[in-house]
There are 2 protein chains.
Amino acid sequence: MSAAGTWQAFVTAARAAIERELDRRLPPESERPGRLHAAMRYSVFAGGKRLRPALVLAAGEAFGAGRERLLAPAAAVELIHTYSLVHDDLPALDDDDLRRGRPTLHRRFDEATAILAGDALLTLGLTLLALEPAEAEAGRRARAVALVGEAAGTGGMIGGQEEDLEAERAWPADAARALERIHRGKTGALLVASLRLGAIHAGASVAEETLLTRFGERVGLMFQVADDILDVEGSAGELGKTPGKDAEARKLTWPGLHGLAASHAKLAELAAEARSFAASLPEAGGLFRSLIDFLSSRDH
Amino acid sequence: MSAAGTWQAFVTAARAAIERELDRRLPPESERPGRLHAAMRYSVFAGGKRLRPALVLAAGEAFGAGRERLLAPAAAVELIHTYSLVHDDLPALDDDDLRRGRPTLHRRFDEATAILAGDALLTLGLTLLALEPAEAEAGRRARAVALVGEAAGTGGMIGGQEEDLEAERAWPADAARALERIHRGKTGALLVASLRLGAIHAGASVAEETLLTRFGERVGLMFQVADDILDVEGSAGELGKTPGKDAEARKLTWPGLHGLAASHAKLAELAAEARSFAASLPEAGGLFRSLIDFLSSRDH
């Protein structure tokens, strides 16, 4: 198996359990208000990569937690990730018609439903973290909500999205630093929180959580730099969305600001840093190293 | 002091502490992203009645909790209430230009900022419930998140809003029952949760919480029926918003469905029921009975 293959095999094997858990936690379409529930499900079951829930499982299992304790928190972060995509796609924000090759939620349903479905996914995600796993110490569940809530808030995901929108209107004077903050907020924060969430429910130590945070910060930045590169180099078929959209929208991106060569070099530098942190993490069948290789070579 | 005056005096006296707590918990405008923080503050400090935080304090103190333990949870429900107003006012939903006599957030700032600020208020509210009061048992904080999250979700506030929108397109066959569900969801759920939240942090018993729930359900319905009546009978000056808007939007309302006389009769019936439950609640200086009188006679 290739170096990146270990990670892909892990995600493939975990995928069915993650999908089942999401199905179990989302309200059924047969229940009122059915249209809203249908909208939530449309977005959640749109063929996402399930990277965040896989990170919860990987980190939790590496530190010794059983999968049954990790599935609900894993589903919760995917619900929150999905909400962020639904709202980011709205006409007033990125105004996207396609997401993973299908019409975005507000195109398939309508704008009001997309706003409410996004609100509902965020609410359900944080609520689920407070409730599950029911057998965990309440302190871990409360910490889980705080961890993910802070990662999703103005100091993380929403803050990054706001700065991204502001940069689209006019590139800030400190563009390189703004780009770093945007990446860290928009994608990095929830990826790091996913790893730490697994560690919390595994009862990992503070030192272990810190190590995982350092590792996750590099991995999160790798993910976003790779994403920016793909928007330049990828095709619509590979991406499931319109390529070149970033440049068209004058988005602040790594290739746009530093060029493609520097972006590839940055990716390699981040991979080296992530590897040095991974060396101190549990071996876990080479899973963390494999994740780095996967992100170094991703093409969609 | 009039019967309703006791409640009004309680809210007036509590107001400064609630506003201080909100100010303390909201990120400052001087911090990045400042525009988003300014937007959150614009909506939170728009002169709201602070009914929900007052209910948290009233219930918590009635069951013996000190105010310092209740202020952060009280602020949290107000943040969540404010998010719901910001999103409901959006062009794709109620499309309101005025809220409490001032431009709505998307009119004052822009639509993207209003969507993100709403998301941020919801996220901050639930996160705050998980974190504070820090000295409380973690189990109470986790329960607080679950309680408020469920009240705000598809089975509560968001579900009510969705059914309200659907009813605007076409009144459902079971209009009377749909109206009951909409009121219960849109307003009732978070009002009941506010009372129970106070009880949780006061360590009230399950029986006490159940009693408070029954009381809160009547109070919540009273609040909404009174609101519907005001939209017909009130003036713009009293309301701080455009009256007659419900009828114009063909909204499902109590007066619209049952007439004004039946609406006033319903209000009186709910008040009698609420009084019978209040009789078993702690006396608390007549605060709960006074709240009923206040809701029976509210004119804004």
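A crossing of two helices is left-handed if the near helix is turned anticlockwise from the far one by less than a right angle, and right-handed if clockwise.

## Basis of the model

The model is predicted: local features need pLDDT of at least 70, side-chain atom pairs count only at pLDDT 80 or more, and totals for chains, interfaces and linings use all residues. Residues are numbered from 1 along each chain as its sequence is written, while chains are lettered from A and ligands numbered from 1 in the order in which they are written.

## Helices α3 and α4 of chain A

Helices here are DSSP runs (H or I, at least four residues), numbered from the N terminus. The crossing of α3(A) and α4(A) is right-handed. The axes of α3 (residues 51-62) and α4 (residues 67-88) of chain A come within 8 Å and cross at roughly 150°; axes are lines fitted to C-alpha atoms over the stretch in contact, and angles run from 0 to 180 degrees between N-to-C directions. α3(A) and α4(A) are therefore roughly antiparallel to each other, a label given to angles over 145 degrees.

Two residues are in contact if their C-beta atoms, placed from the backbone, lie within 7 Å. On the α3(A) side the residues are A:Arg52, A:Pro53, A:Val56, A:Leu57, A:Gly60 and A:Glu61, and those they meet in α4(A) include A:Leu70, A:Ala74 and A:Val77. By class, this contact of α3(A) with α4(A) has eight nonpolar, two polar and four charged residues. Ala, Val, Leu, Ile, Met, Phe, Trp, Tyr, Cys and Pro count as nonpolar, Asp, Glu, Lys and Arg as charged, and the others, Gly among them, as polar.

Helix α8 (residues 157-169) of chain A has 13 residues and reaches 19 Å from its first C-alpha to its last, close to the 18 Å expected; the expected span is 1.5 Å times one less than the number of residues. Of the 13 residues of α8(A), 10 are buried, so the helix is largely enclosed by the rest of the structure. A residue is buried if 20 or more other C-beta atoms lie within 10 Å of its own. The buried residues of α8(A) pack against α4, α7 (138-152) and α9 (175-201) of chain A, together with α2 (34-44) and α6 (111-131) of chain B.

Between the chains, 40 residues of chain A are in contact with 40 residues of chain B. On the chain A side, α2, α6, α7 and α8 each supply at least two residues, and the largest share, 13 residues, comes from α6(A). By class, that side has 22 nonpolar, 10 polar and eight charged residues.

α9 (residues 175-201) and α10 of chain B pack at an angle of about 145°, with their axes 8 Å apart. The crossing of α9(B) and α10(B) is right-handed. The residues of this contact of α9(B) with α10(B) divide into eight nonpolar, seven polar and four charged.

Helix α15 (residues 287-296) of chain B is mostly covered, with eight of its 10 residues buried. Those buried residues pack against α1 (5-25), α3 (51-62), α10 (206-233) and α14 (260-278) of chain B. B:Leu291, found in α15, is buried, with 26 other C-beta atoms within 10 Å. Leaving aside neighbours within four places in sequence, B:Leu291 is in contact with B:Trp7 and B:Val219.

Notes: A residue is buried if 20 or more other C-beta atoms lie within 10 Å of its own, exposed if 12 or fewer, and partly exposed in between; C-beta atoms are placed from the backbone. Angles under 35 degrees count as roughly parallel, over 145 as roughly antiparallel, 65 to 115 as roughly perpendicular and the rest as oblique.
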